[in-house]
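User: I have a structure open and a few things to check. Can we go through it piece by piece?
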Amino acid sequence: MRIRFDVPADPGYPGRVAAALSSAQLRKYSLVGAVLAAVGALGLVVSSGFGWGEQTLSVWLTMVLGGLLAMLYWPWLRWRARRRSSGYAVEGGYDITDDNIMMRSGSESGGIAWDGVTQVRTTPEFWVVYVGRMPATVIPRRLMSAGDAETLRAFMADRGLLRP
């Protein structure tokens with residue numbers, strides 16, 4: 001297998017990559033935030049019903065506020081990554097073989113051996129490649145030809161790497 005394709009200098013592309021790489025890790029903040037906010041709100045209601053609401057008000061309000069901030073952390077970080085990375089738009093490309101994924105962007109290049117890849121998760125625009133438990137890079141499906149995308153999908157499926 002040998003798949004080559006270019007990535008055009010699109011100002012929005014680096015932000016979409018940053019969002020795809022961070023979304024899996026940051027989704028946990030939303031869940032934890034929702035739990036904190038719910039427990040804090042429940043604590044406010046229960047403590048006011050038992051008459052010790054004034055004594056514990058600060059604890060429950062802190063939990064609600066902490067939960068809300070944790071839920072807002074993910075959208076804020078994605079917005080910030082998109083805004084900061086828009087200046088990084090340079091032409092690049094991918095060269096994918098049976099052995100590795102080679103990426104180049106401007107004057108920088110790097111690669112990941114397929115032997116080190118533990119899983120590949122699918123998003124609407126990318127395949128997110130994981131090394132260990134951390135997302136390492138993305139492969140943009142929309143920039144590939146349909147035939148190359150199917151070839152790569154079959155290769156990853158044969159290796160047992162694809163996850164929903």
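User: Where does Q119 lie?

Analyst: This is a predicted model, and in it Q119 lies in strand 5.

User: Buried or exposed?

Analyst: Q119 counts as buried, because its relative accessibility is 15% and the cut-off for buried is under 20%.

User: What does the side chain of Q119 make a polar contact with?

Analyst: With the side chain of R121, at 3.1 Å.

User: And which residues does Q119 touch, not counting those up to four places away in sequence?

Analyst: Q119 touches V128, V129, Y130, L161 and R163 on that count.

User: Switching to the largest nonpolar core. How many residues, and which touch the most other members?

Analyst: The largest nonpolar core has 27 residues. Y94, I96, W114, I139 and L152 are the ones that touch the most other members.

User: Which elements give two or more residues to this core?

Analyst: On the helix side, helix 1 (13–50) and helix 3 (146–158) do. The strands that do are strand 1 (2–7), strand 2 (92–97), strand 3 (100–105), strand 5 (117–122), strand 6 (126–131) and strand 7 (134–140). Strand 6 gives the most, with five residues.

User: How many bridges between strand 1 and strand 2?

Analyst: Six, in the antiparallel sense.

User: Which residues are on the covered face of strand 1, and which on the uncovered one?

Analyst: I3, F5 and V7 make up the covered face, while R2, R4 and D6 are on the uncovered one. In a regular strand, side chains alternate between the two faces of the sheet.

User: Last topic, V64. Where is its place?

Analyst: V64 is in helix 2, which covers residues 53–85.

User: What is V64 in contact with, leaving aside neighbours within four places in sequence?

Analyst: V64 is in contact with L36, A37, G40, A41 and L44.

User: And how far apart are V64 and S48?

Analyst: They are 16 residues apart in sequence and 15 Å apart in space, C-alpha to C-alpha.

Conventions: Residues numbered from 1 in each chain as written. Predicted model: local features only at pLDDT ≥ 70, side-chain atom pairs only at ≥ 80, totals over all residues. Heavy atoms only, no water. Helix = DSSP H or I, 4+ residues; strand = E, 2+ residues; numbered from the N terminus. Contact = heavy atoms within 4.5 Å. Core = buried A, V, L, I, M, F, W, Y, C linked by side-chain atoms within 4.5 Å. Buried < 20%, exposed > 50% of the residue type's maximum accessible area, 1.4 Å probe, protein only. Pairing = 2+ DSSP bridges. Polar contact = N/O pair within 3.5 Å; in protein donor to acceptor, adjacent residues only side chain to side chain.
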